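Hi,

Here is the structure I promised to pass on to you. Please open it alongside this message and follow along as you read.

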Amino acid sequence: MQRFQFCNNYNFIMNTTQRVSEILTTYGIRPSIQRVGIYDYLLTHRTHPTVDEIFSHLSPAMPTLSRTTIYNTLTLFASKGAILVLNIEEKNQRFDAGIEPHAHFQCTKCDKIFDFPQPLVQLDEQIVRDFEIVETQIYYKGICKTCKKNH
Ligand SMILES: [Zn+2]
Ligand SMILES: [Zn+2]
């Protein structure tokens, strides 16, 4: 029984690593162990983490990982279109594996960032003809549901 469970777990871990590697490869990113770890963290933590958060979660298992490596890796992911970089707050950049168009809401009390489904903003036809848009960010700020209730 024990043995069976161990095998199952092992298969699960292998499959996850393989799946994440495959996604990175489709973006033209060579899947090193650290890159897979960072991308997997973003896929499984849709809280829009900062470099520091990612570092504190991954460094116990990856002692050679540095904040600089994480930052450079995230910059590479963003340049290949694999993730979004959010500049919703001045003090920290936030990172998002959800690349489908959506807006963000940041609570000014608890600092949490929420995804808001958002249809693409319709721009003036002349603007669309004259400008080539490569990125859209829509940010809302306010007080979240939980903080509003606890007020
Ligand atoms: Zn809140
Ligand atoms: Zn998001």
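Predicted model: local features only at pLDDT ≥ 70, side-chain atom pairs only at ≥ 80, totals over all residues.

**The core**

The largest nonpolar core has 13 residues. If you want to find its centre of contacts, look at I38, Y39, L42, L74, F77 and I83, which touch the most other members. Which elements give two or more residues to this core? They are α1 (2-26), α2 (33-44) and α4 (67-79).

Leaving aside residues up to four places away in sequence, L42 touches I83, F95 and A97.

**How α2 meets α4**

Two packed helices are described by the angle between their axes and the distance between the axes. For α2 and α4, the angle is about 75° and the axes are 10 Å apart. Angles of 65 to 115 degrees count as roughly perpendicular, so α2 and α4 are roughly perpendicular to each other.

Which residues make this contact? From α2 come Q34, R35, I38 and Y39, and they meet T69, I70, T73 and F77 of α4. Sorted by class, the contact of α2 with α4 has 4 nonpolar, 3 polar and 1 charged residues.

Strands of a sheet pair through backbone hydrogen bonds, either parallel or antiparallel. Here you will find an open sheet of 3 strands, in the order β4-β3-β5, and its pairing is mixed. β4 and β5 are the edge strands, each pairing on one side only. On average, and with direction ignored, neighbouring strands of this sheet are turned by 30° against each other.

Taking the pairs one at a time:

- β3 (residues 102-107) and β4 (residues 113-117) pair in the antiparallel sense over 5 bridges. These two strands form a hairpin with 5 residues between them, and D111 in the turn has a positive phi of about 70°.
- β3 and β5 (residues 139-142) pair in the parallel sense over 4 bridges. In this pairing, the bridge partner of C107 is G142 in β5.

F105 is a handy residue for seeing both pairings. On one strand, F105 stands opposite F114 in β4, and in β5 the bridge partner of F105 is Y140.

Best wishes

Technical notes. Residues numbered from 1 in each chain as written. Chains lettered and ligands numbered in written order. Core = buried A, V, L, I, M, F, W, Y, C linked by C-beta atoms within 7 Å. Buried ≥ 20, exposed ≤ 12 C-beta atoms within 10 Å, placed from the backbone. Contact = placed C-beta atoms within 7 Å. Axes fitted to C-alpha atoms, helices over the stretch in contact; angles between N-to-C directions. Parallel < 35°, antiparallel > 145°, perpendicular 65-115°, else oblique. Nonpolar A, V, L, I, M, F, W, Y, C, P; charged D, E, K, R; others polar. Pairing = 2+ DSSP bridges.
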